Amino acid sequence: MRYIGDGQPWPEERARQFVERQIALFARGFCLWKLQKAGGTIGFCGLQPLPETDEIEIGWWLARAWWGRGLATEAAREAVRDGFERVGLQQIVAIAQPANAASIRIMQKLGMRFDRMTESRGISVVMYARSSHAAGDDGLQ
C-alpha cells in the first residue's frame, strides 16, 4: 500500500466498497483482475474509471514479496491489450505518485508517455497515456 492513496491500509468499509465497485465494473466489461500465484492472491491489475474524470486507467498492485519480478508488467500488458482489442477503448491512462519509480517504469514499458501532472483524491500524481493507435507497438502484440 506504499503508493496507494496515502499509504495506509484501508478500513473494512473502504475494502468492501472496492469489491462492490469491481463487481459493478465487471458488468461494464472491465475491472481489476485478481492476480494469483502459488495458490494465493498476490495483487490486482486491470482497468477502471479514473475517479472524477471520464478517463479509463490501468492500475496494478502487488504484494511486496512479488515486486521486481516483472509480474505487474506482464499483467498490465494483457490489460492494455484487452482494453484496446476487446473493450474498444481509444485511450488508457495510468497515474502514480512521482516517487513511485517502479510504476512509472511499467508505464513506459507499456508504451505510455507522460501526459501531465494532476491530482487524484487530493494526492499529486503523474499521468501517462497511450492511445489505441499505438496498440501494436512496444511488445503488446
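1. Overall composition. The model is predicted. Of the 141 residues, 41% count as buried. The accessible surface amounts to about 8,200 Å², and carbon and sulfur atoms hold 51% of that area. As for contacts between residues at least 6 apart in sequence, 51% join residues at least 24 apart.

2. In soluble globular proteins, nonpolar side chains tend to be buried together. In this model, the largest nonpolar core comprises 30 residues, and Ile-58, Trp-60, Ile-92, Leu-110 and Met-112 have the most contacts inside it. Two or more residues each come from β2 (40-49), β3 (56-62), α2 (71-87), β4 (91-96), α3 (101-109) and β6 (123-131). The element that gives the most is α2, with seven residues.

3. Strand β3 and its cover. In a regular strand the side chains alternate between the two faces of the sheet. For β3, both faces are covered: one side carries Ile-56, Ile-58, Trp-60 and Leu-62, the other carries Glu-57, Gly-59 and Trp-61, and all of these are buried. Accordingly, the burial count for β3 is seven of its seven residues.

4. The β2-β3 hairpin. Strands β2 and β3 run antiparallel and are joined by seven bridges. Six residues lie between the two strands of this hairpin, where Glu-52 takes a positive phi near 65°.

5. Aromatic pairs. A pair of aromatic rings is described by the distance of the centres and the angle of the planes. The structure holds two such pairs. In one of them, the ring centres of Phe-44 and Trp-61 are 5.8 Å apart and the planes stand at 75°, so the pair is edge-to-face. Phe-44 belongs to strand β2 and Trp-61 to strand β3, so this pair ties together parts that are 17 residues apart in sequence. Phe-44 is partly exposed, with a relative accessible area of 24%, whereas Trp-61 is buried.

6. The pair in β5 and β6. Phe-114 and Tyr-128 also form an edge-to-face pair, with 5.8 Å from centre to centre and 85° between the planes. Phe-114 lies in strand β5 (residues 113-120) and Tyr-128 in strand β6, so parts 14 residues apart in sequence are tied together.

7. Helix α3. The buried residues of this helix are Ser-103, Ile-104, Ile-106 and Met-107. They cover an arc of only 155° around the axis, which puts them on the same side of α3. Their cover includes β3, α2, β4 and β6. After α3 comes Gly-111, whose phi is positive, near 80°.

8. Val-87 in helix α2. This residue is found in α2 and is partly exposed, with a relative accessible area of 26%. Apart from neighbours within four places in sequence, Val-87 is in contact with Gly-29, Phe-30 and Asp-82. The C-alpha atoms of Val-87 and Arg-28 are separated by 9.3 Å, while the two residues are 59 residues apart along the chain.

9. Phe-26 in helix α1. Phe-26 has its place in α1 (residues 12-28). Is Phe-26 buried or exposed? At 61% relative accessibility, Phe-26 counts as exposed. Between the C-alpha atoms of Phe-26 and Gln-48, which are 22 residues apart along the chain, the separation is 9.4 Å.

Conventions
Residues are numbered from 1 along each chain as its sequence is written. This is a predicted model: local features need pLDDT of at least 70, side-chain atom pairs count only at pLDDT 80 or more; totals for chains, interfaces and linings use all residues. Side-chain values use heavy atoms; hydrogens and water are left out. A nonpolar core is a set of buried Ala, Val, Leu, Ile, Met, Phe, Trp, Tyr and Cys residues joined through side-chain atoms within 4.5 Å. Buried means under 20% relative accessible area, exposed over 50%, partly exposed in between (1.4 Å probe, protein chains only). Helices (H or I, at least four residues) and strands (E, at least two) are DSSP runs, numbered from the N terminus. Two strands pair if DSSP finds at least two bridges between them. Contact means heavy atoms within 4.5 Å. Accessible areas come from the Shrake-Rupley method with a 1.4 Å probe; for residues, only the protein chains shown count as cover. Rings of Phe, Tyr and Trp (its six-membered ring) pair if their centres lie within 6.5 Å; planes under 30 degrees apart count as stacked, over 60 as edge-to-face and the rest as tilted. The arc is that of the directions from the helix axis to the C-beta atoms.
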